[in-house]
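I opened the model today to go through its charged pairs, its helices and its packing. My entries follow in the order of looking.

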Amino acid sequence: MTPPAWLDGPLGLPAGAWTALAAAWGACLGSFLNVVIHRLPRGESLAAPGSRCPHCGAPVRPRDNVPVLGWLLLRGRCRDCAAPIPARYPLVEAAGVLAALTAVYTTDSPAAALLRAALLLALIAVFFIDLDHRLILDVMTLPGTLAGVAAAPWLGLTRLDALLGALVGGLALEILRRAWLRFRGVDGLGGGDVKFAMWMGAWLGWQGVALTFLLGSLAGSLVGVTLIARGRAHAGTALPYGVFLAPAAAVAAVAGPSIWSWYLALGA
């Protein structure tokens, strides 16, 4: 992939050097995401104590805390007690690298790259927290919505677009939630899903959040049908919607305009 024009030249560094720095930055933020994913739903401090083995409590040594590489050198086990370290940790760190590089190579300015990276990294956290706890936290969605409205000019939106997107996203899911509750007697969507939709609407606009719903619902339906076919679920089994919405929002953020252009061209 050709580096964006803005990446070649800042501070006299070539694009390759900036790419390497972005990858390293993404890896470090991916490592921090592991802390966020583990501690934030539990209401624990993100700053202290430092990283420790959950089995024996031994502090993780700095040389073992190098993203991805530390896990590989330890062969996936704690240096002190030899308890297994889940492969999720390096996978999240690698996802942080991918998020940073994707943001850099799909935007047209440093400000836009930083904002897109922040969104993609947050979506990684949403995915794993919802997978583990079936929660989408207010501490992420509400500040995220306000940040999206504030950052709209750097996201290719007007602030009115961002506000409209937040309204459309939240209202659409709230209507769906109430309809499901009325006709099925169960709360098929949580309040966190509604607030997540507002957040994505503020960052992606109404077209982006609509695409997020479409892709997320399609992915959820495919997974649900597959689980039912394999006897691992039934028609009433609840799936964490954020697990499907978060990747869908990432796709909409990176490729939404291209997808809409392709779709509209089909009917031309």
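I counted salt bridges and found 6 in the structure; the criterion is a side-chain nitrogen of Lys or Arg within 4 Å of a carboxyl oxygen of Asp or Glu. I note that this is a predicted model, in which local features need pLDDT of at least 70 and side-chain atom pairs pLDDT 80 or more, while totals for chains, interfaces and linings use all residues. Residues are numbered from 1 along each chain as its sequence is written, and side-chain values use heavy atoms, with hydrogens and water left out.

I looked up Arg61 and found its side chain in a salt bridge with that of Asp80, at 2.9 Å from N to O. Arg61 sits in the loop between H1 and helix H2 (69–73), and Asp80 in the loop between H2 and H3, 19 residues apart. Helices here are DSSP runs (H or I, at least four residues), numbered from the N terminus.

Asp64 pairs with Arg79, the closest N and O atoms being 2.8 Å apart. This pair also links the H1–H2 loop, which holds Asp64, to the H2–H3 loop, which holds Arg79. I checked exposure (buried is under 20% relative accessible area, exposed over 50%, partly exposed in between, with a 1.4 Å probe and protein chains only). Asp64 counts as buried at 11%, whereas Arg79 is partly exposed at 42%.

Next I took Arg88 and Asp132, whose closest N and O atoms are 2.7 Å apart in a salt bridge. Arg88 belongs to helix H3 and Asp132 to helix H4, so the pair ties together parts 44 residues apart in sequence.

I then compared helix spans, the expected value being 1.5 Å times one less than the number of residues. H4 (residues 110–133) has 24 residues and reaches 34 Å between its first and last C-alpha, close to the 34 Å expected.

Last, I looked at Thr212 in helix H7. Thr212 is buried, with a relative accessible area of 1%. Leaving out residues up to four places away in sequence, I list its contacts (heavy atoms within 4.5 Å) as Leu204, Leu245, Ala248, Ala249 and Ala252. Of these, Leu245, Ala248, Ala249 and Ala252 are among the buried residues of H8.

Conventions:
Helix = DSSP H or I, 4+ residues; strand = E, 2+ residues; numbered from the N terminus.
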